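Dear colleague,

I am handing over the structure below, and after it you will find notes on what was found in it. Please read them alongside the coordinates.

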Amino acid sequence: MAARGETGWQGRHTISPRFRRYVAFALLAMVANLAVQELVVRGWPAAPLLVAIAAGTAAGFAIKYLLDKLWVFDDAFTGYRQEASKIALYGLFSVGTTLIFWATELAFWMVWQTAAAKYAGAVLGLALGYVIKFRLDRRFVFRAARS
């Protein structure tokens with residue numbers, strides 16, 4: 001077994017450039033989501049809030065999917081049917097990990113009932129969700145791109 005600081009131990013616990021890009025693109029998608037929401041609110045003031053949220057979510061999802069596909073997992077286009085399957089599975093995993101995020105945030109709120117606890121739960125839930133989502137996407141959505 002490699003000692004702490006030696007290549008073997010360090011190699012198993014470093015953050016890969018692929019995962020770094022995944023996180024950076026998640027932040028970019030979040031910004032895009034909020035920007036589109038703001039554009040809808042300003043451009044169509046009478047629109048219901050759900051319209052802005054839906055537009056922002058769609059924009060963030062599309063941007064994140066394309067960035068992950070092309071720059072994180074180097075996934076080639078293999079046909080419309082296969083691409084539709086990938087998008088559906090990617091979306092399903094997005095919903096599942098969002099539920100993890102919400103559950104963690106709510107659990108922290110229910111236990112400690114403070115804003116700080118709620119936000120700590122949100123950060124923990126987001127981090128956990130993104131790690132799980134990265135692994136699910138790598139294993140099941142963009143599996144042909146793994147090397």
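Glu 83 is buried, its relative accessible area being 9%, where buried means under 20% relative accessible area, exposed over 50% and partly exposed in between, with a 1.4 Å probe and protein chains only. This is a predicted model, in which local features need pLDDT of at least 70 and side-chain atom pairs count only at pLDDT 80 or more, while totals for chains, interfaces and linings use all residues. Residues are numbered from 1 along each chain as its sequence is written, and side-chain values use heavy atoms, with hydrogens and water left out.

Glu 83 belongs to helix H4 (residues 80–112); helices (H or I, at least four residues) and strands (E, at least two) are DSSP runs numbered from the N terminus. Leaving aside residues up to four places away in sequence, Glu 83 touches Tyr 65, Lys 69, Phe 77 and Thr 78, a contact being heavy atoms within 4.5 Å.

Arg 21, in helix H2 (residues 17–43), counts as partly exposed because its relative accessibility is 31%. With residues up to four places away in sequence again not counted, Arg 21 touches Trp 71 and Val 72, and a polar atom of the Arg 21 side chain lies 2.7 Å from the backbone oxygen of Trp 71. The C-alpha atoms of Arg 21 and Phe 73 are 9.9 Å from each other, although these residues are 52 apart along the chain.

As for the overall fold, the protein has five helices and zero strands, and reads α-α-α-α-α along the sequence. Of its 147 residues, 31% are buried, and among contacts between residues at least 6 apart in sequence, 61% join residues at least 24 apart. The buried residues of helix H5 (residues 115–141) include Ala 117, Gly 121, Lys 133, Phe 134 and Asp 137, and the buried residues of H5 pack against H2, helix H3 (49–72) and H4. The accessible surface of the protein is about 10000 Å², 70% of which belongs to carbon and sulfur atoms; accessible areas come from the Shrake-Rupley method with a 1.4 Å probe, and for residues only the protein chains shown count as cover.

Now to the pockets. On a 1 Å grid over the protein atoms alone, a pocket is an open set of points with protein on both sides within 12 Å along at least five of seven lines, and lining residues have an atom within 4 Å of a point. The largest pocket has a volume of about 890 Å³, a volume being the space filled by probe spheres set on the points, which are joined across faces, edges and corners. The elements giving two or more residues to the lining of the largest pocket are H2, H3, H4 and H5, and H4 gives the most, with eight residues. That lining has 25 residues, of which Met 30, Asn 33, Thr 57, Thr 98 and Tyr 130 lie nearest the centre of the largest pocket.

The second largest pocket holds about 260 Å³ of space and is lined by 11 residues, with Thr 14, Ser 16, Phe 19, Phe 134 and Arg 135 nearest its centre. Helix H1 (7–13), H2 and H5 each supply at least two residues of the lining of the second largest pocket, and the largest share, four residues, comes from H5.

With best regards

Definitions and conventions. A polar contact is a pair of N or O atoms within 3.5 Å; within protein, one must be able to donate a hydrogen and the other to accept it, and residues adjacent in sequence count only if both atoms are side-chain atoms. On a 1 Å grid over the protein atoms alone, a cavity is a set of points where a 1.4 Å probe fits but cannot get out, and a pocket is an open set with protein on both sides within 12 Å along at least five of seven lines; lining residues have an atom within 4 Å of a point.
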